[in-house]
Amino acid sequence: MATVLYRSALLAGAAMESPEHITRFIAGSFRSVWALDLLLLLKQRGGPCQHHELVTLLRASELVVRHSLADLVASGLVVIDEEEYALYAPASERLRDLVEGTQDLYARRPDSVRRQIVSANSRGLSAFADAFRLRKD
């Protein structure tokens, strides 16, 4: 099934990344669905956006936008200029291809992408919680 999707993506001119790479990219790059939505908004806008614009457009809190931007900058997907404008600017063609593949998958299977993000982040929380679990010796 994954090979069929990959071939379909190639034939359609979509990103040249395999479904497995896209899945790993999603799990490793987005701490929240807000971050993915923010990235795709910046990509769609095609130009720089101010922080307050992003808060309004996403209908998100200042904190959510600030944290999401910081994560996207650290991932090499967004840059923030000296005037504090955010701009979609993947650091490499590979990242650009992964974002294209992610956007395509999110458009076709949004629930699946959301579950991937939540699942990847809940694993870390589970490990943290397990560290405090009392055990009988």
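Reader: At what angle do helix 4 and helix 5 pack, and how far apart are their axes?

Author: This is a predicted model, and the two elements concerned are helix 4, covering residues 51-58, and helix 5, covering residues 62-74. Their axes lie 9 Å apart, and the angle at which they pack is about 115 degrees. That makes helix 4 roughly perpendicular to helix 5, since angles of 65 to 115 degrees count as such. The values asked for are therefore about 115 degrees and 9 Å.

Reader: Is the crossing of helix 4 and helix 5 left-handed or right-handed, and which residues of helix 5 make the contact?

Author: The crossing of helix 4 and helix 5 is right-handed. On the side of helix 4 the contact is made by His51, Leu54, Val55 and Leu58, and by class the contact as a whole has five nonpolar, one polar and two charged residues. From helix 5 the residues are Glu62, Val65, Arg66 and Leu69.

Reader: How do helix 3 and helix 6 pack, and what is the hand of their crossing?

Author: Helix 3 (residues 33-45) and helix 6 (residues 93-108) have axes 11 Å apart and pack at an angle of about 110 degrees, which means that helix 3 is roughly perpendicular to helix 6. Helix 3 contributes Val33, Leu36, Asp37, Leu39, Leu40 and Lys43 to the contact, while helix 6 contributes Val99, Glu100, Thr102, Gln103 and Tyr106. These residues divide into six nonpolar, two polar and three charged. The hand of the crossing of helix 3 and helix 6 is left-handed.

Reader: What pattern does the protein follow along the sequence?

Author: The protein has seven helices and three strands. Among its contacts with a separation of 6 or more, 58% are accounted for by residues 24 or more positions apart. Read along the sequence, the pattern is α-α-α-β-α-α-β-β-α-α.

Reader: Which element has the lowest mean pLDDT?

Author: For the protein as a whole the mean pLDDT is 84, with 77% of residues reaching 70 or more, and strand 2 (residues 78-80) has the highest mean of the elements, at 98. Over residues 1-15, however, pLDDT stays under 50, and the model has 14 contacts beyond four places in sequence for this stretch. Where pLDDT is low, the predicted coordinates should not be read in detail. The element with the lowest mean pLDDT, 41, is helix 1.

Notes: Residues are numbered from 1 along each chain as its sequence is written. This is a predicted model: local features need pLDDT of at least 70, side-chain atom pairs count only at pLDDT 80 or more; totals for chains, interfaces and linings use all residues. Side-chain values use heavy atoms; hydrogens and water are left out. Axes are lines fitted to C-alpha atoms, for helices over the stretch in contact, and angles run from 0 to 180 degrees between N-to-C directions. Helices (H or I, at least four residues) and strands (E, at least two) are DSSP runs, numbered from the N terminus. Angles under 35 degrees count as roughly parallel, over 145 as roughly antiparallel, 65 to 115 as roughly perpendicular and the rest as oblique. A crossing is left-handed if the near helix is turned anticlockwise from the far one by less than a right angle, and right-handed if clockwise. Contact means heavy atoms within 4.5 Å. Ala, Val, Leu, Ile, Met, Phe, Trp, Tyr, Cys and Pro count as nonpolar, Asp, Glu, Lys and Arg as charged, and the others, Gly among them, as polar. pLDDT is the predictor's confidence in each residue, from 0 to 100.
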